[in-house]
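The chain and its coordinates come first.

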Amino acid sequence: MFAKLARTGVLIAAIGVAGCNDSSMKDFAPEANKPLPDKILADMQAKGMVRTSSVMARIFKEEGKLEIWKAKTNGRYEMVASYEICKWSGKLGPKYTEGDRQAPEGFYTVRPSQMNPRSNYHLSFNIGFPNAYDRANGRTGQNLMVHGACSSSGCYSMTDAQIEQIYAFGRDAFQGGQTEFQIQAFPFRMTAANMARYRNDPNYEFWKMLKVGYDNFEITKVPPKVDVCEKRYVFNQVAPEGTTFDPTGPCPAMTQPDSLKSAFANYEKSYDAAFNSAVNSSTPPPKPTIAGVKEASIVSDWSKRRARGERVPIDPPSMNSDGSVTETTRMGRIDSPAGRKMAALDAEKEAKRKAEEQRVAAIEAAKAAKEAAKAQQLAEKEAAKQAAQQQVVTAGVETAPAQPAAETQAADADQGTVSKLKKKLLGMFGG
């Protein structure tokens, strides 16, 4: 949810926690009176619709689509336009609490008083959250809209050109006498294959309930009558005369036309077969979904701290399937006294961290240089020792031949002297 945003794009207030704050200071809004394009009007005429016939909208988060359906002259609805949603916040799953940044899922009603031609987001209309179901289940939030400006914090945001057309559909229908139109917001198209993909999700029971309303529309092509009792949605049900649907009380004895009951039973039979087949086949992996009120509370606390001007991670925290919480390390900067103080403390801490890193790096570098010098000295000493040894070996090799020759001559002389003496002695003694 954003605080006032001037059309110049300058943020002049801190981020809030509720939804898209849609107050405006515009003096006029000519964009609210733009007619639908001629091509759309021609398509409507070809489909048996008039410009002011009744309208309804369907939203599919996973696909990022917003569809506009209009009533034909036979009373049944047909899709006349489809738009890519520019931005929606949060994950698949319902909105639980104010500040959880979840775009709502469910069945909502828009009346003329909810249309805002002077929106800070170009044009907008409030979808009516919380509805009777949300209030019965203690879900909170406000200012949840479909709007332009392509910026969302719990809303469904379109481009300015898209919202001009979507707004025109509602405006023309109100001019034609429609007193309210329905918005059906789903996590995905509630086909057998998609329901099988999410069969183990914590939001599955909620989605099964929404699917009943989805199926009623698929069968009849008429927006279902929506009531709430026992804290749950009921669709196309008729209460006995004199009784009403109490959102938190027991459901009355409800009835449905036999033709609708029969058509619904046949539809469900085909669905069950397709679901069983999808369970046993390879399907795309599920997208991230909100892990119930616990994750919603964690995100809501992040939103509140952010709104107070505290410096928090730039993205909201996310709960993992094992119950652990993941937070991004990149911090957002909020321009407020508290935010500036926290930013200064963070900057001081970061400066100290970098200084310590530099000090440790300098010590390690000095140590490495000392070790390198020591190693160099040892290497030089070893090289000198090896050089000296090599000189000694070389000198020995050069003088060795002369020494053996002299010794041999002396030995030969000694041997001759002994031989002469021996002969003389033998002659004296007659030998």
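## Cys229 and Cys251

Cys251 is buried, at a relative accessible area of 18%. Buried means under 20% relative accessible area, exposed over 50%, and partly exposed in between (1.4 Å probe, protein chains only). Cys229 is also buried, because its relative accessibility is 0%. A disulfide (a pair of cysteine sulfur atoms within 2.5 Å) joins Cys229 to Cys251, with an S to S distance of 1.9 Å. The torsion about this S-S bond is about 90 degrees, so the link is right-handed.

## Basis of the model

The model is predicted: local features need pLDDT of at least 70, and side-chain atom pairs count only at pLDDT 80 or more, while totals for chains, interfaces and linings use all residues. Residues are numbered from 1 along each chain as its sequence is written, and side-chain values use heavy atoms, leaving out hydrogens and water.

## Cys86 and Cys150

The whole structure holds 2 disulfides. One of them links Cys86 and Cys150, whose sulfur atoms lie 1.7 Å apart. This link is left-handed, with -65 degrees about the S-S bond.

Cys86 counts as partly exposed because its relative accessibility is 29%. Cys150, at 23%, is likewise partly exposed.

## Lining of the largest pocket

A pocket is an open set of points on a 1 Å grid over the protein atoms alone where a 1.4 Å probe fits, with protein on both sides within 12 Å along at least five of seven lines; lining residues have an atom within 4 Å of a point. In the largest pocket, 22 residues form the lining, and Tyr108, Thr109, Arg111, Glu180 and Val226 lie nearest its centre.
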